[in-house]
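Here's a walk through one model, written for someone who likes to know the cut-offs behind the words. Have the coordinates open as you read.

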Amino acid sequence: WQLRCSFTGGELPRWRKRLKFMATSCLLLTFLTVAFVLAPMNGEGGLYMLLCTSSMLYHHLLNPMAALLSYLLLEREPHLPRSDVRWALLPTLAYAAVILPLNILRGIVGPYPFFEVYHQPVYVSVLWAVGLLGVNYLYAWLLWHLGGGRPRSARGPQISSRTAWYSCFFQVQELRDQALISGKLSSLEVQCGQRTALMGISVWQ
């Protein structure tokens, strides 16, 4: 679908763009977690080992970078509203909703140190959760912004319904005066808020 849109000049459906936004956010979370959390915990050489060796080269580095470049360069349309930024948190919350209870029930340990609830105080686990979700939201907003997202105010001037209908009224009055003078059928395209109407007035002599 993406290749077809790239060659034909079309744009992705909005729901596909939203899914790509969520997937790219997930992969970026993986990269950032490895680079700034797991690599320092592994000491000297940890960054190289986790980003550039074995299958981790693809999972932790190449796949996130490919998704990021694809999203920013090839999929700028359609624009997503800012409210879609919160959807980037959904995969993270779904993952935590499975892994965290398994750690609490001692079904598994990890797979990341911040999930090891019995190896750290409760407040540390809470700080990890708040910090990761906060960072997730922050870079998801940055991704949305760099990917062509626009706030509601940038979509065009918002005109109140009362102002729009006053404008319509005066345009119709002007049309009627023109029809009275000429005695001919007149028509005018009147913009009423989001709707456009073609109005006609006929005056018989």
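Let's start with E75, which is buried at a relative accessible area of 2% (buried means under 20%, exposed over 50%, partly exposed in between, with a 1.4 Å probe and protein chains only). Its side chain meets that of K20 in a salt bridge, 2.8 Å from N to O; the term covers a side-chain nitrogen of Lys or Arg within 4 Å of a carboxyl oxygen of Asp or Glu.

The structure holds two salt bridges. D84 and R18 form one through their side chains, at 3.0 Å from N to O. This pair also links distant parts of the chain: D84 is in the loop between α4 (56–74) and α5, R18 is in helix α2, and they are 66 residues apart. D84 counts as buried at 3% relative accessibility, while R18 is partly exposed at 23%.

## Ground rules and overall layout

This is a predicted model, where local features need pLDDT of at least 70 and side-chain atom pairs count only at pLDDT 80 or more, though totals for chains, interfaces and linings use all residues. Residues are numbered from 1 along each chain as its sequence is written, and side-chain values use heavy atoms, with hydrogens and water left out.

The protein chain has seven helices and two strands, in the order α-α-α-α-α-α-α-β-β along the sequence. Those labels are DSSP runs numbered from the N terminus: helices are H or I with at least four residues, strands are E with at least two. Of the 205 residues in the chain, 30% are buried.

## The largest pocket

How big is the largest pocket? Its volume is about 590 Å³, taken as the space filled by probe spheres set on grid points that are joined across faces, edges and corners. On a 1 Å grid over the protein atoms alone, a pocket is an open set of points where a 1.4 Å probe fits, with protein on both sides within 12 Å along at least five of seven lines; lining residues have an atom within 4 Å of a point. There are 23 lining residues, and L29, T92, Y95, F114 and F115 are the closest to the centre.

Helices α2 (14–41), α5 (89–104) and α6 (122–146) each supply at least two lining residues, and α2 gives the most, with seven. By class, the lining has 19 nonpolar, four polar and no charged residues. Here Ala, Val, Leu, Ile, Met, Phe, Trp, Tyr, Cys and Pro count as nonpolar, Asp, Glu, Lys and Arg as charged, and the others, Gly among them, as polar.

Is H60 buried or exposed? H60 lies in helix α4 and is buried, at 15% relative accessible area. A polar atom of the H60 side chain sits 2.7 Å from the backbone oxygen of L50. H119, in the loop between α5 and α6, counts as exposed at 62%. Its side chain makes a 3.0 Å polar contact with that of E116 (a pair of N or O atoms within 3.5 Å; within protein, one must be able to donate a hydrogen and the other to accept it, and residues adjacent in sequence count only if both atoms are side-chain atoms).

As for disulfides, the structure holds zero, a disulfide being a pair of cysteine sulfur atoms within 2.5 Å. C26 is partly exposed at 26%, and C52 is partly exposed at 33%.
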